[in-house]
Every structure is written in structure tokens, then in C-alpha cells.
Amino acid sequence: MVTAHDFLTGRMCEKAEVDVVLVGDSLSMTTLGYDDTNELTLEEFLFHVQSVSRGNKSSFIVADLPFGTFERNLEQAIDSSVRIIKEGKVQGIKIEGASPDTLTTIGKLVDIGIPIIGHVGLLPQKHNTIGGFKLQGTSVESALRIYEDCLALQKAGVFGIVLECIPNQLAKYITERLEVPTIGIGAGPHCSGQVLVIADMLGMCDGHIPKFVKKYNNFFDQGVESIKQYGKDLTDKTFPEPDEHGYKIKRDGSPFSERGSRSSSGLNLPSSSNSRQSNSSSPSDVSSTISARSSTQTSGLSNDITPGSNDHGTEAPQDNKIVANHDPEVLRVFVIRHGQTDENVQKILQGHLDTSLNQTGVEQAQKVAIALRGIPFENFVSSDLQRCKQTLQYIQLFHPDIPTRYSTNLRERDMGECQGMYLTDALAKYGTNFRNVGEAKADFIDRIEKEWNHLIQHNPSSRNVAICTHGGVVTGFLNHLYQCGYGLSDLLREENLKVPFNTSIAVVDINRTSEKGVIQTFGNTDHLGAQFEVKEQLLR
């Protein structure tokens, strides 16, 4: 493991085939010139994390959770971690310490799928409380405490632990007794792996270098001497050298370079045909690229989907961004379909069957939860069936104190004896009207409308609320609202109001003064990496 702090050092680590790259908060001192790591802000840190990720596409990248970004409460820790994972495009988070609150935070982050590395011994973020940057674990009591912290971190679910600035024998003792690997920095040769700060090992800084660092180069001194030589060359007029560093003019008077071909303007530009070949694809190539990207980002999705398409053949709306409402005169309702179930994949009619999410459904629920984490919800309402409750639970991780009500009125349409049947069997037995075997459509719409009116009446001042329900409810009722006079945004047409994909988001605005509504967004699946639609519209 080696630290990196920008695109260049990230790229160097990739070229050197470093297994794990750590974007450490040590960059606050080595790169930004702060006195310690505690001055670093999350926004500053994210800038550097993103830079490293752009420079390194092959290493496993872990980023620190900076001081002040996780200590206040669990919600702050989750928000900060998700931002670093999502915006920084890294694969894991490192957290210092093993206090009870920190262990709880680590457990929750692991539960939602974020890999965590622990950190014990010398904790730079807590240097003010431990007497500075000095050796830890030198007494029996402190050594035992560090070992117990390691056991607690392992139990909390970390996949590795950094041991910083502790005696060699203590690091050996800990490493031999843990099931997870240890990464040493100033902890001797017996750890599972080692980490060094890249600025220290390459001699990028001119300040103090810790004892445990092996200096493999002297970039700072070499850089200073190179800049001095550049200045001397300018004074002596030995740079630039006309032939080696300059360009000549051809007889026709046009600028010329040895590289590339000349354009009709006389300038040396890449040929237009080469540019097209390298930067564009045939229509079939584009189609396969979209499909491949979609299947990668939504692993395990049913084949019953068409990325980026509508039945009328035009591209699905691309500007239907999911944003919060701040207008006190408007109630914004986010209508979310549950995640995928095995029955969805097998094309089994579910209706009132109390089915659960499969693994893909869980992943979809996690992604929609992250997409909605910044919406200041004031109320949740959900179908009481498990697949909706489970989907909402992931959204509630980011909104733990929001009032929630579960209602049978938001269940899928009761399909009578067709429930549990394969779609093909129901069609063979009853034809396309198989849903009429169960609950009458009028009764179905009536109970949803009662729930909708209840939601509006009981949220007289709310601005953002969410409903988690079923595909048939979403398409059936929003079509009903449209028929009753609700408008459509410029992005939508009536034919867009079809059965939406799993965890898709619809947004409906209701103006309290005019009592008029507008369906702003329907079937948004940007959080899944592309726009998906359900091919088999008879499936519920």
C-alpha cells in the first residue's frame, strides 16, 4: 500500500502496479501545507480523491474519513462515506480509532456495503489528545488496549487494520492473532503489508521525515536543482535551442511540424477521418455499449428491460433530475417502485403475495437510497408488503427519524387465483383480461385514491414526502391522475406512463393554492446507471 494525493501520484502508483492505494488525510500537510490533518475539509479532500481516481484505474483505492466528517452522528458518517465512495470513485474507506461510537459507525457502513479499513496505534487525527506524534503501545496497559481495539474492529467487520507507530513485537503479536490482514507504518516487519506516505518515500518534502520511512528518492532537491538549471539556461541563452526546441517554416509559408498531416488550412492537425474512427462508433456499436454498461452497473437485472428507449422509438427523457422541493406552496410526492424480486425475474404474478427482494433488488434499493439521500423528506408511506418495506428500509438509513406509515391501500392489485401463476399460464387460461379475475379495477383505483387524499390532507405544510409501492399502483394511479386533470411536464407524454422498472422514481407536484397537480418525472432509473423500462407490460 502507498498513499497518493493527486492525479500524478495516482498514475505513478498504477504504473508501479501498487495493489492498494490510500488517499490519506496526510495530504493536508504534504500537499496543502497545513500544520496537521485536522484542518482538512471534506470538500478539499474530495477534490484530491477524485484526482487520484482519475489517474489510477487499476489499483484498489481506499480513502480516509477526515476529522470532523463522521464524529457528530451516524447520519453524518454515512453521508460523508457515501459521498467519498460515490463522488471520489473509490472502493473503500479508512477510519481512525475504535471507540464505541466509531465501532457502531463501522458496523453500519459495512452493513450497507462499504468496505472499511481500521486504524489503531498512533492516530494523527487525535494527536492533540495523545501528546503529539509519538510511539504508542509502550506500556502493558496501552499495548493490551490496542490489541483489544483490533479485536473489536475485526468483529465490527473491517477487512484490514493499519497499525501505526507501535513496537515491532506488539505488531507481530496482533498480526498472528487476527483473521484480517494488518498494514504497518512504523510497526516493524511482521505485519501482513506495509504502507508509506508517497511524499516521504520519494523525498517530495524538505521537512522532517519520520524514522520509520525509507527514502527511495529525493524529488524535492532534484526539483530545486532542475529549476535552478532552467534559470541558468535562460540567462546563458542556451534554451530554447533553435533546432531541438523550435519549428521551421516551409517555403509555402505555412506552419509545419514533423507530426501528423496537414489540413486544408495549412495547419498541422490530425486528419478528420482518423478522429472519427477513434471517437465514434456505428449505431450497433453504440447499442451494445449501452447494454454492456447497463448490465455491469445493475448486475443481475432481468433481461426484461430495454435501456434508453420508449415504445414510440425516441430516447427516454434525460433531464428528469431528482431534486428536492423548497416551495412551501407545493407538496412534492416521490413515488418509488420496490426493488426486484425473484418473481419479477421469473415472470410470476405477485399481486398480494408477500414476496421479498432478491440480491439484485437489494442492490437497487441501496442505489435509490443513495440517490435520494439529499431529499429532506418529512413523511414516508409504504405498502405493507415485504418487498416495499425492505426497499424503504434502505432509504430510511439516510432518514432515520422520519414518520412512516404502512398501508394495505398501497398494495398491488389483488389478482385472485392468478396470484402465483406464471404470466404465460395466466394468459393461456384467462387471456389478457386475467387481472379481472381478482380485484375490480375501480375498487383498486378507489383504495389508492383514498390513500392519496389521506397523504395530501395529513401533510398540510410538508414539502417532500415519499411513497414506496408497486408497479401496478404507480402506473394505474398516475394514469388515473392524468385522466383527472393532472398535467405532464415537458419531458413526458401520456405513452410514458407505463409500468415502471424496479426502484424507478416518479415525482408528482401538487399546488396547495390551485389544487392542481403535475407529473414532473416518471420511471427515472438514473441511479441504476441508465434509463430502464419494462418490456412485458402485463407483468405485475
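## Salt bridges, sheet and ring contacts in a predicted model

Glu 439 and Arg 447 form a salt bridge in which the closest N and O atoms are 2.8 Å apart, a salt bridge being a side-chain nitrogen of Lys or Arg within 4 Å of a carboxyl oxygen of Asp or Glu. This is a predicted model, in which local features need pLDDT of at least 70 and side-chain atom pairs count only at pLDDT 80 or more, while totals for chains, interfaces and linings use all residues. Residues are numbered from 1 along each chain as its sequence is written, and side-chain values use heavy atoms, with hydrogens and water left out.

**Salt bridges**

- Glu 439 is buried at 15% relative accessibility, and Arg 447 is likewise buried at 11%, where buried means under 20% relative accessible area, exposed over 50%, and partly exposed in between, with a 1.4 Å probe and protein chains only.
- The count under this rule comes to 15 salt bridges.
- Glu 43 pairs with Arg 83 in a salt bridge whose closest N and O atoms are 2.7 Å apart; the pair links distant parts of the chain, with Glu 43 in helix 3 (residues 42-55) and Arg 83 in helix 4, 40 residues apart.
- Helices (H or I, at least four residues) and strands (E, at least two) are DSSP runs, numbered from the N terminus.
- Glu 43 is partly exposed, with a relative accessible area of 48%, and Arg 83 counts as partly exposed at 21%.
- Asp 236 forms a salt bridge with Lys 232, with 2.8 Å between the closest N and O atoms; being four residues apart in helix 9 (residues 219-236), Asp 236 and Lys 232 are separated by about one helical turn.

**Gln 76 in helix 4**

- Gln 76 is found in helix 4 (residues 74-88) and is buried, with a relative accessible area of 12%.
- A polar atom of the Gln 76 side chain lies 2.8 Å from the backbone nitrogen of Arg 72.
- When residues up to four places away in sequence are not counted, Gln 76 touches Gly 68, Thr 69, Phe 70 and Glu 71, contact meaning heavy atoms within 4.5 Å.

- Eight strands make up an open sheet in the order 1-2-3-4-5-6-7-8, with parallel pairing, where two strands pair if DSSP finds at least two bridges between them.
- Strand 1 (2-3) and strand 8 (193-194) stand at the edges with a single partner strand each, so one side of each is left without a neighbour in the sheet.
- Strand 5 (residues 116-121) and strand 6 (residues 160-164) run parallel and are joined by five bridges, with His 119 standing opposite Val 162 in strand 6.

**Aromatic rings**

- The structure holds seven aromatic pairs, in which rings of Phe, Tyr and Trp (its six-membered ring) have centres within 6.5 Å, planes under 30 degrees apart counting as stacked, over 60 as edge-to-face and the rest as tilted.
- The ring centres of Phe 377 and Phe 380 are 5.3 Å apart with their planes at 55 degrees, so the pair is tilted.
- Phe 377 is buried at 5% relative accessible area, as is Phe 380 at 1%, and ring pairs link Phe 334, Phe 377 and Phe 380 into a cluster.
- The charged end of Arg 177 sits over the ring of Tyr 173, 3.5 Å from its centre, the rule being NZ of Lys or CZ of Arg within 6 Å of the ring centre and within 35 degrees of the ring normal.

Note on methods: A polar contact is a pair of N or O atoms within 3.5 Å; within protein, one must be able to donate a hydrogen and the other to accept it, and residues adjacent in sequence count only if both atoms are side-chain atoms.
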